[in-house]
Amino acid sequence: MYETRRQHPLAVVHAFYNYIILLVLPLLRSLTLLRGGVLAWVQGVWQDALVLVCILLFGYLRWRMNVYRIADGGMVFQEGVLFRRSRYIGCDRVASVTIEHPFYLRPFHVVRLRLETDAGSRKEPDVSLLLRQDAAEEIAAAVGSVLEQKRLVRTYTPNSWSVAFLSLITSDSLTGVLFASTLISQTGRLLGQEAEERLITGLTRLMQVLAFGLPPLAAVLAMTLLGGWLLDFVKNLIRHLGFTATRDGERLQVRVGVLTVREYGLSVEKINYLQLRQSLLTRLLGYCSVMINCTGYGKEKNELAVLLPAADQREVRRGLRMILPEIRPSHGGCHPTLRTLTRFLIPPLTALGVILLVLAVGWYFLPGLHQLLFFLGLMAILPALWWLLVKIAAFRFVGLEVKGSTCTFHTVFGYAFYTTSAPKAKIALAETRQSLFQRMSGCCDVVIRLRSEKGRRIVVQNIPQGEAENFLREFSG
């Protein structure tokens, strides 16, 4: 009979830390501003204390009732206070194991363990437990994700520049702006409206100093986007420092992070596909980031399913031979013909024409806003011109190929270039579609649906119809 175990006692409060902070900080603040005596303070705060007690009581009941045990060939999990639920997960069904070391839990030697299977939820892990580190490693060992030190292993460790490069190309201004706005609003909520107003006033003065004669609206927009991008870049850099990938037999171990260290154990046979990602600039420089798709890896918010953070073609070949030789991207195959070039150029040229037309109308009817119109027009034309360059490069990039048991697809979406390689067994559906205009050009789109947690769909555009039919025959064969 296997021993029934519970999570670490910190699980009582860990799941409710957001609510506890909202209650504790007002209590502490009211204590520091205590003026009316202890009795007056107690009379005003007893409701918050009652809610806090109820939260802690419910957390204790969940901790008490949620148990697990390691059984033969798998694990049994029981949870629920009013409604009980029991689950059995076989060790051979686990696609990935994640051991997360948040910095605030390290002094207690406590980690967060996540188990994922292909049959789980798209948003939530199948199992999430707060355990002592030795207990989490025991479960990880049970599903075969812990590397044995005596075995020959192969480890890929990128340099710091590669991690910085990954953070550079994955940073997003909008994400940083949303993070900054949340930070400011929570500051006002916890410290008071006066502190929030002072912070906003200080940021406004800084923008005025850095405006360099730009219109106020333009300066605010530019500084907001730049500040948001810089903030997101710093977050991504801290999150991905310390990256290493180790291959041992049929397991792939990934370790990443500085403040919060995450350790992922992946089953190689459950990796659905590999993807090389590039922007136009990184493509010209010959660099790319390599991602993989495996259930549970990179699933949480702000996580990326990274295999090689940033590498040139030579480094990609070396890294894949070392840690994932089963999937090899190819660079040949069929590509669009010259007669389909206009299908790539018409969308960006149409966008440029619309922008210039709107700018001309505004310039004529709004003579007092020429400076602002010039700035906004320039900000709109630059991404449209960049899109045109991307589409020109996409004409020679787009394509597909079957090589052995691996299919490779070269696609472009937005401003990004993707090279996706997947074993034939991981492709759920392959079909062609053709519009009236494509029929006139003798081309069609090849639509691929991959087996993955989110049902990945890939569209290879404007492939010659004969080549597309040959691909389908070769794939089915």
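Tutor: Let us begin with a term: a strand here is a DSSP run of E with at least two residues, and the runs are numbered from the N terminus. Keep in mind throughout that this is a predicted model.

Student: Where is Asn-462 placed, given its positive phi?

Tutor: Asn-462 belongs to strand 20, which covers residues 457–464, and its phi is about 60° although it is not a glycine.

Student: Is Asn-462 buried or exposed?

Tutor: Buried means under 20% relative accessible area, and Asn-462, with a relative accessible area of 5%, is therefore buried. His-109 likewise has a positive phi, near 55°, without being a glycine, but His-109 lies in the loop between strand 5 (94–101) and strand 6 (110–117), and because its relative accessibility is 48%, it counts as partly exposed.

Student: Which residues touch the most other members of the largest nonpolar core?

Tutor: As a general idea, nonpolar side chains tend to be buried together in soluble globular proteins. In this model the largest nonpolar core has 30 residues, and those touching the most other members are Leu-252, Leu-274, Ile-292, Tyr-297, Leu-307 and Leu-324. Among the elements that each supply at least two residues are strand 10 (251–256), strand 14 (306–312) and helix 10 (313–323), while strand 13 gives the most, with 5 residues.

Student: What does Ile-292 touch, leaving aside residues up to four places away in sequence?

Tutor: Its contacts include Leu-252, Leu-266, Tyr-273, Ala-305 and Leu-324. Apart from this core lies another, of 28 residues, among them Val-390, Ala-394, Ala-430 and Ala-468.

How values were computed
Residues numbered from 1 in each chain as written. Predicted model: local features only at pLDDT ≥ 70, side-chain atom pairs only at ≥ 80, totals over all residues. Heavy atoms only, no water. Helix = DSSP H or I, 4+ residues; strand = E, 2+ residues; numbered from the N terminus. Buried < 20%, exposed > 50% of the residue type's maximum accessible area, 1.4 Å probe, protein only. Core = buried A, V, L, I, M, F, W, Y, C linked by side-chain atoms within 4.5 Å. Contact = heavy atoms within 4.5 Å.
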